[in-house]
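Please open the model in your viewer and keep the selection tool at hand. This tour goes stop by stop.

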Amino acid sequence: NTQSTSQPTQAQCPYSGAHTNAGTGCPVSARAAQFDPFEDAYQQDPPEYVKWSREQEPVFYSPKLGYWVVTRYEDIKQIFRDNITFSPSIALEKITPTGPEANAVLESYNYGMSRTLVNEDEPAHMPRRRLLMEPFTVDALKHHEPMVRALTRQYVDRFINDGKADLVEQMLWEVPLTVALHFLGVPEEDMDTLRKYSIAHTVNTWGRPKAEEQVAVAHAVGNFWQLAGKILEKMRKNPEQPGWMQYGIRMQQLHPDVVPDSYLHSMMMAGIVAAHETTANASANAIKLLLSHPHVWQEICEDPNLIPNAVEECLRHNGSVAAWRRLATRDVQIGGVSIAAGSKLLIVSSSANHDERHFADADLLDIRRENASDQLTFGYGSHQCMGKNLARMEMQIFLEELTLRLPHLILSEQTFTYVSNTSFRGPEHLWVHWDPSANPERQDPSILNRQHPIRLGEPSTHSLSRQVVVQETEMLTDDIMRIRLAAADGQTLPRWAPGSHIDLVCGDLGISRQYSLCGDPANPQVMDIAVLREDAGRGGSAWVHQHVRSGLPLHIRGPRNHFHFDEQASKAIFIAGGIGITPIIAMARVAKNRGIDYQIHYCGRSRKSMALLASLQEHGERLHVYAADEGLRADFASLLATPDAETQIYACGPQRLTDCLQELCECWPDDALHIEHFHSTLSKLDPSREHAFEAELKQSGITVTVAANQTLLEALRAANIDIQSDCEEGLCGSCEVSVLGGQPDHRDVVLTRSERAAGNKMMSCCSRAKDKHIILDL
Ligand code: FMN
C-alpha cells in the first residue's frame, strides 16, 4: 500500500549494534555509505554510478536509503525469479515517506490506492495476472499498430518543417500517453490533466519531494485518483467497449474473487503510469542514445530491419527503469551476503544490463547484439512487464518514422535533466535540430508511403541484417559458385570461427538461405561462400546463381555458429559429402595451423563436380578424395571401427552419409561426432498426427496450451514469452529452452545423442512433449 510509510532509514541499518570494522568504525564501505540514488550522477548514468559496486561489492547496504542495493545480473535475475522469497509488495512504496500534512491532503481525496499487479504477492497475483493478460498478447496488440502509426505521423507532421524540436515535449510524452489511454479504453478528453497528474504520481512514489512540494504533489495525486475513479464509473456503464479496463471490468464480473471490485480503481491509475511514462522515457533514452552515436543512427536509417533489435539494445543500454524494489521475506543469501528477513532491496536492473559477466563489452552500443533481449528493463519472471510488447511496438514505430522522415536529425548541445527518483528515468527534454530544406519528403513525397513491418514481440535474429557487396564470383564447378563478400562501407566484417554460416537474403523473394563460410577466418576483410545450384530446390540457390554478380549489394545476417570446432582437440577426422565441404575446409585450415593431427575424407560424384579441390591440396596426404565415377568409395566402417577418446569427428553432407556416420559412431564416446545439416528433415506439422499438450512455465507461473496445430514456439510467443529463434526448422538451435520436467519428443537435428537422452533441453520450434505435460524453465 502506497500509504504505508517507511521506517526512518537509520533505524533499519543491519549493522547497528554489530561489531564494527577497526579501520572505519563501520562495516558499511565508504562508497556504500556515499551511495545516493537521488544524486544527479545516478540520474545521469545509473550503471556508471554503481560500476564500482558491480566490480567490487555487488551487494551492499546503503545507510542513506535504508536499502540493500544489488547490482549484478545473475543476482538480480535470481531475485526476480523468486517472488516468494523476494516479495514485490514494496515496489510502489514511497521511498521518502510523506509528512502528516501531505497525508491529510491525500486523505481528503479519499485516496485509497491498493495493491496492483506490480506489487501484489502470491497467491493473489498469478491468478489475477493470468486473467488480465490476454489484451497484452501479441495477437491482441496487432490491431493497435495503425493507431500508433497514425498518431506518430500526426505529431511529426507538426514539427517536421521547424528545424528544431524538443522531442519529449512535442511527441514522446504525449503519443505514449494517448496510446496508453487507447489501450486502457480511456477517453482522450482528459489527457492534459492526466498528464500533469501522472508526473506528480511519479514524484510521489519514487522521488524525494521537498516538504513544501509534498503538499502540491499530494493534491495532484489526489486529483489523479479522483479522476481515475470518475473515468472508471463511465466505463462501467459500457463495459463491452474495447480497452483493457473494460476487459478488467468484464473479468471482475465473471471472477469477482480474483479481481475484486476495489482493485479496478487502483489498476486504472497504475495502468496509466505504467503504460505511459515507461514508454515515453524509454523512447527518449533510445533516441538520445542513438543520436549520440551518429554512425549507428545512420545504419538504422539505411536499414530499418535493424530497428527491432536496436530498440532492444537501447532498452538494455539505457532503459527507462533504472532500478526496482523487493522485500526479503526470509533470511537469505544474495551473492554470498546474508540478508535478514524484512530487509528492503533496491535491485539496480540498469546496472545488471551493463554487467560484463552477461553482456560482452557491455558499455558498447551494439545494435546487432544477439542477447540484447536478455535485458532486465522489463523485469523477469512472473512479474515481468505485461506491456513490454506494446512498448516495443511504439518504440519501433517512433524510430521508423524518425529515421524515414528525419534521417538528418542531430542531437543539439544541451544539459539533460531528470526527475529525481530511483526508478523511472528519462530526460525531461530532448532537443534535436535538422535542416528542413533537406527533408527527404520534400524531394520525394512517396517515401511517406514506405512502411516497414514492425516486429511484434521480442526481436528475432532474423532482423539483424548487414549490408555487404559482392566483390567477386567464380564458378568452381558447373553448378557451384564461389562468392566473395566485403563490407559495403569498406570496413571490416565481423569475426567468425570455422563452422559458422551466414544467412543470405535472397533479394525481394522474402526468403533467406544459410551458407557456410569457407574462406579464411583470419581475414576480416572478406567472407567466402560457395553455393550449389539446386534446380529442384525452393528457389533460393537458383536466385543466387541468377542474380549474384560482382558489385551487387546484398544483405546478410550472422555469422552464426552451430557447428563449433574444438580447436583444442588433439585429433580430428573431417568428413564431407558434396557441397558439405564448405564448413569443413575452414576447419581443416585451422586444424593445420594449430598442428592438430587430422584427416579429411571428401566424397563426391566426380572430381569435376567437387568444389574447392585445388584449395584442399595444401593438406597433402591428409586429404582423401573419393570420386564415385572413379570407383572410389570411402570405407567409413573401417575408419571408425575403433573408438578413440581423443578424436573428434566433424561431418557435413547428404542425409544418407550423416545417417550412416551416426550408426557407425554408436560405440564412440557421446558427442564425438559433430554434424552440420544443410537440409531439415522436419516434415510439415500434421495436426492429425499430433496431440495437444500443456507447457508449464515455472518462472512465469503460467501454463500454456500447445494445440495440435501449433508449435511450442508459437504457443510461447502467443503468451508473450520472449524466445529467440532463427531457422525455425530444427536446424540452428536458437530457440532452445530448458526442460525441468516431462519428456520432450525431439524433432530437431541439433541436439546430440547424449543431450537428447538427458532430456533437459529442447528446441521449441519443432520438438513437442511425449505426454500431455512438460515443465519448462521459462
Ligand atoms: N548450401 C550450399 O550450397 N552451400 C553451403 O555452404 C551451405 N551451407 C549451409 C549451412 C547451413 C547451416 C544450412 C542450414 C544450410 C546450408 N546450405 C548450403 C543449404 C542452403 O541453405 C539451401 O538450403 C540450399 O541452397 C537450397 O536452397 P533452395 O532450396 O532455396 O534452392
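Select P123 in the loop between α6 (100-108) and α7 (125-132). Helices (H or I, at least four residues) and strands (E, at least two) are DSSP runs, numbered from the N terminus. The peptide bond from E122 to P123 is cis, with omega near 5°. Stay in this loop between α6 and α7 and pick N110. N110 is not a glycine, yet its phi is positive, near 60°. Most residues other than glycine have a negative phi, and most peptide bonds are trans.

A word on the model. It is predicted: local features need pLDDT of at least 70, side-chain atom pairs count only at pLDDT 80 or more, and totals for chains, interfaces and linings use all residues. Residues are numbered from 1 along each chain as its sequence is written, and side-chain values use heavy atoms, with hydrogens and water left out.

Next, go to P559 in strand β16 (residues 553-561). The bond that joins G558 and P559 is also a cis peptide bond, with omega about 5°.

Now colour by domain. The protein chain is divided into domain 1 (9-411), domain 2 (463-561), domain 3 (571-676) and domain 4 (687-776). These bounds come from an automatic or database domain assignment. Show domain 2 and domain 3: their C-alpha centres lie 23 Å apart. Their contact takes 16 residues from domain 2 and 14 residues from domain 3. Contact means heavy atoms within 4.5 Å.

Select helix α13 (residues 211-237) and α15. Their axes come within 9 Å and cross at roughly 115°. Axes are lines fitted to C-alpha atoms, for helices over the stretch in contact, and angles run from 0 to 180 degrees between N-to-C directions. The crossing of α13 and α15 is right-handed. A crossing is right-handed if the near helix is turned clockwise from the far one by less than a right angle, and left-handed if anticlockwise. Show side chains: on α13, the contact includes F224, W225 and L232, and on α15 it includes H265, M268 and M269. By class, this contact has 12 nonpolar, 3 polar and 2 charged residues. Ala, Val, Leu, Ile, Met, Phe, Trp, Tyr, Cys and Pro count as nonpolar, Asp, Glu, Lys and Arg as charged, and the others, Gly among them, as polar.

How many cavities of 30 Å³ or more does the structure hold? There are 3. On a 1 Å grid over the protein atoms alone, a cavity is a set of points where a 1.4 Å probe fits but cannot get out, and lining residues have an atom within 4 Å of a point. Grid points are joined across faces, edges and corners, and a volume is the space filled by probe spheres set on the points.

The largest cavity holds about 810 Å³. Centre on V118, A274, C385, M386 and G387, which lie nearest its centre among 42 lining residues. α15 gives the largest share of that lining, 10 residues. The lining divides into 28 nonpolar, 12 polar and 2 charged residues.

Finally, find the second largest cavity, about 40 Å³. Select P304, I307, P308, Q396, E400, H452, P453 and I454, which line this cavity. α17 and α19 pack at about 115°, with axes 9 Å apart.

Definitions and conventions. On a 1 Å grid over the protein atoms alone, a cavity is a set of points where a 1.4 Å probe fits but cannot get out, and a pocket is an open set with protein on both sides within 12 Å along at least five of seven lines; lining residues have an atom within 4 Å of a point.
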